[in-house]
Amino acid sequence: TVRFFKQVPLKEMRELADTTMETFINTSGILNHLHVVHRQDDYTFHHSINVGILCGVIGRWLGYHDSQWKDLVLAGLLHDIGKTQITLEILRKPGKLSSLEMETMHLHTTRGYNLVKDLDLPHSVLCAILQHHERDDGSGYPLKVTAEKIHPFAKIVAIADIYDAITSETVYRKKRTPFEAAEAVLKDMYDKLDPNICSVFLNNIRDYFIGNIVELSDGREAEVVYLGKYVSARPVVRTDDGEFIDLEKKKDLGIIKLVKA
């Protein structure tokens, strides 16, 4: 409907944000569930649902309540609405995009904003749709604005967007581990992303990963037992035979995938 008729089902999206999504977000272990579900069909749809869930979880951690929190979930759901105005040839291209195709892909922020700007949406949600690829150091798009001009909703969506994109399977990239995704957030938290929101996100997400079963690059399975101050792609793990391995020190070994959350 959105792609062909440019009609956004706002009523249904609001209901999804207000009811169904709240149930998902309040479900114990929902973040772990996102990593073990394999979905390649309709990536944009599932990614938008996941980002909505992640925004809701982060919003809870930040202390958002009631209508503000529901608006944040809605922002997550709608953040990529502009991709419905990008050709499927580009969206589903299995290889690397050309510079021209990348420029077209970048238009999804402004096209999304233009698609919904006249609808009954809060300013915060419109900002999230337009600005979720802006970065604090001015290196983002579409307007290259810096930290003080980026809405907090857009900053939260940016973190959720990065995290889910890295941990999801797409036609052009294999999914990576949630540890790598968290490390990518950590890498950018002092220049490109909001350091305060990143800190809350990384401190809270640690609790989800302790006890996860992972597959190591030598074929063994191991349990994550220690993550340090922040989540790292190289935590301390314990193998089935009881050996403790600090992957930060043993660089020839790594985590291949998450086996069980």
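Okay, let's start with overall size: the protein has 261 residues, and a compact globule of that length would have a radius of gyration near 18 Å, so the 19 Å found here agrees. That radius is taken over C-alpha atoms, and the globule rule is 2.2 Å times the number of residues to the power 0.38.

Before I go on, a word on the source. This is a predicted model, where local features need pLDDT of at least 70, side-chain atom pairs count only at pLDDT 80 or more, and totals for chains, interfaces and linings use all residues. Numbering runs from 1 along each chain as its sequence is written, and side-chain values use heavy atoms, with hydrogens and water left out.

Back to the overall picture. Along the principal axes, the C-alpha atoms fill a box of roughly 60 × 40 × 35 Å. The accessible surface comes to about 12900 Å², and 53% of that belongs to carbon and sulfur atoms. Those areas come from the Shrake-Rupley method with a 1.4 Å probe, and for residues only the protein chains shown count as cover. Of the 261 residues, 49% are buried; buried is under 20% relative accessible area, exposed is over 50%, and partly exposed is in between (1.4 Å probe, protein chains only). Now contacts, meaning heavy atoms within 4.5 Å: take those between residues at least 6 apart in sequence, and 61% of them join residues at least 24 apart.

On to secondary structure. We have 12 helices and 5 strands, as DSSP runs numbered from the N terminus: H or I with at least four residues for helices, E with at least two for strands.

If you zoom in on strand 1 (residues 213-216), you'll see its antiparallel pairing with strand 5 over 4 bridges, and Val214 has Leu258 of strand 5 as its bridge partner.

Cysteines next. The structure holds 0 disulfides, counting a pair of cysteine sulfur atoms within 2.5 Å as one. For Cys55, the nearest cysteine sulfur is that of Cys198, 13 Å away, and that's too far for a bond. Cys55 is buried, at 0% relative accessible area, and Cys198 is buried at 0% too.

As a reminder, most residues other than glycine have a negative phi, and most peptide bonds are trans. Here, a cis peptide bond joins Tyr141 and Pro142, with omega about 15°. Pro142 sits in the loop between helix 9 (123-131) and helix 10 (152-166). Lys144 is also in the loop between helix 9 and helix 10, with a positive phi near 55°, and it's exposed at 53% relative accessible area.

And where is Asp66 placed? Asp66 is in helix 5 (residues 66-78). Its phi is positive, near 45°, and Asp66 is exposed, with a relative accessible area of 61%.

Terms used. Pairing = 2+ DSSP bridges.
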